[in-house]
Amino acid sequence: MNTKLIDGKEIAKKKRSEMKSRVVELKRLGVQPHLAVILVGEDPASKTYVKNKEKACQEIGILSNVFHYETDTDERTILQKIEQLNSDPAIHGILVQLPLPEHIDAKKIIRAIDPKKDVDGFHPINIGKRILGEKSFIPCTPLGIIVMLEEAGVSISGKHAVVVGRSNIVGKPIGQLLLDKDATVTYCHSKTKNLKEYTVQADILIVAVGKSRLIKADDVKEGAVVIDVGMNRDENGKLCGDVDTLEVLPKVSRITPVPGGVGPMTITMLLANTIEAAKTVHKIG
Ligand SMILES: Nc1nc(=O)c2c([nH]1)NC[C@@H]1CN(c3ccc(C(=O)N[C@@H](CCC(=O)O)C(=O)O)cc3)C=[N+]21
């Protein structure tokens, strides 16, 4: 593998093997980490992701249950399921796979999850705590990015980080996390005029917009670190990111590939959050 590539798959593997021992330790103390996943509908990408999450749980000894509902399931049924999972002491983490069908109010669903079991870190309580610097669940993708930067030995303090994309699950939280690590942060989005003017200034460039190969060599600074959060299909149906990796590669110092970059780290952080949830409930340090 090109030495410029930050190998998310490899870092994920290392982290998962560490977690595996932690799970063994927890089991010795009588605690079996347990994740519940709610999936509504038949979106093929969602089904694949959920399957990958199940597999990852199994691999490191976390129990997982997937509750799969038909597309036309009403909101109340899902809310009732969440309530049941909230009050079940054997369940430590609850994840509702997004996106949900349109007739279901995702905001309402997320608010129904017990914040202590919100391993996605999407509940307003966890978002509020995070902003205030209190202990909280951090969304898996941004957390995975921070861990990758650390593992790759990229220092963050004093760097100019440019975040392209402002979603609640990636853009906004990763900017906040980088800020907490003393980066100077610029947010760009669909209404940003002359995007390139900003991206070329980035020491650390995070791209999470969902547009195939949007970022070209001209858009990056020499020696930049680039994190590609995109998960797109190109015109040939091939999985690709928001960055034209081959084109920018000669110019950057480090870059995450797609696949094999941020994706595997996202799932790994879900496992980490689930273990954390189990430890907290059972008051294990
Ligand atoms: N409640 C919720 N939480 C999420 O964390 C969540 C979600 N909903 N909805 C969808 C997005 C997307 N997401 C991915 C996770 C792993 C890969 C992943 O492992 N990707 C592989 C490739 C997978 C493939 O081949 O399709 C890789 O990049 O190497 C991708 C995408 C989690 N999400």
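User: Where is Pro99 found?
Analyst: In this predicted model, Pro99 is found in the loop between strand 3 and helix 4, the latter spanning residues 106–112.

User: What kind of peptide bond joins Leu98 and Pro99?
Analyst: The bond that joins Leu98 and Pro99 is a cis peptide bond, with omega at about 0 degrees. Most peptide bonds are trans.

User: And what about the bond between Val258 and Pro259, what is its omega?
Analyst: Val258 and Pro259 are also joined by a cis peptide bond, and there omega is about -5 degrees. Pro259 has its place in the loop between strand 10, residues 254–255, and helix 10.

User: OK, switching to the ligand: how many residues surround it, and which are the closest?
Analyst: The ligand is surrounded by 18 residues, and the closest of them are Leu98, Pro259, Gly260, Gly263 and Thr266. Two or more residues of that shell are given by each of helix 2 (44–60), strand 3 (93–96) and helix 10 (262–281).

User: Which element gives the largest share of the shell?
Analyst: Helix 10 does, with four residues in the shell around the ligand.

User: How does the shell split by class?
Analyst: The shell around the ligand is made up of 11 nonpolar residues, six polar residues and one charged residue.

User: Why does the ligand lie between the two domains?
Analyst: Domain 1 (33–114) and domain 2 (140–262) both contribute residues to the shell around the ligand, and therefore the ligand lies between them. The centres of domain 1 and domain 2, taken over C-alpha atoms, are separated by 28 Å.

User: What does UniProt say about residues 6–120?
Analyst: The UniProt record, an unreviewed entry, places the feature "domain: Tetrahydrofolate dehydrogenase/cyclohydrolase catalytic" at residues 6–120. In the model, that stretch is 50% helix and 16% strand, with 24 Å between its end C-alpha atoms.

User: Zooming out, how many helices and strands does the chain have?
Analyst: The secondary structure of the chain comes to 10 helices and 10 strands. The radius of gyration is 19 Å, close to the 19 Å that the globule rule gives for 285 residues, so the chain is as compact as a globular protein of that length. Taken along the principal axes, the C-alpha atoms fill a box of roughly 55 × 40 × 40 Å.

User: What share of the residues count as buried?
Analyst: Of the 285 residues of the chain, 42% count as buried. As for contacts, among those with a separation of 6 or more, 68% are accounted for by residues 24 or more positions apart.

User: Take Ala161, then: buried or exposed?
Analyst: Ala161 is buried, because 24 other C-beta atoms lie within 10 Å, and the cut-off for that class is 20 or more. Ala161 sits in strand 4, residues 160–164. Leaving aside residues up to four places away in sequence, Ala161 touches Leu178, Ala183, Thr184, Val185, Ala202, Asp203, Ile204 and Ile206.

Technical notes. Residues are numbered from 1 along each chain as its sequence is written. This is a predicted model: local features need pLDDT of at least 70, side-chain atom pairs count only at pLDDT 80 or more; totals for chains, interfaces and linings use all residues. A residue is near a molecule or strand if its C-beta atom, placed from the backbone, lies within 6 Å of it. Ala, Val, Leu, Ile, Met, Phe, Trp, Tyr, Cys and Pro count as nonpolar, Asp, Glu, Lys and Arg as charged, and the others, Gly among them, as polar. Domain bounds come from an automatic or database domain assignment. The radius of gyration is taken over C-alpha atoms; the globule rule is 2.2 Å times the number of residues to the power 0.38. A residue is buried if 20 or more other C-beta atoms lie within 10 Å of its own, exposed if 12 or fewer, and partly exposed in between; C-beta atoms are placed from the backbone. Two residues are in contact if their C-beta atoms, placed from the backbone, lie within 7 Å. UniProt positions are given in the numbering used here, feature names are shortened, and annotations may be inferred rather than shown by experiment.
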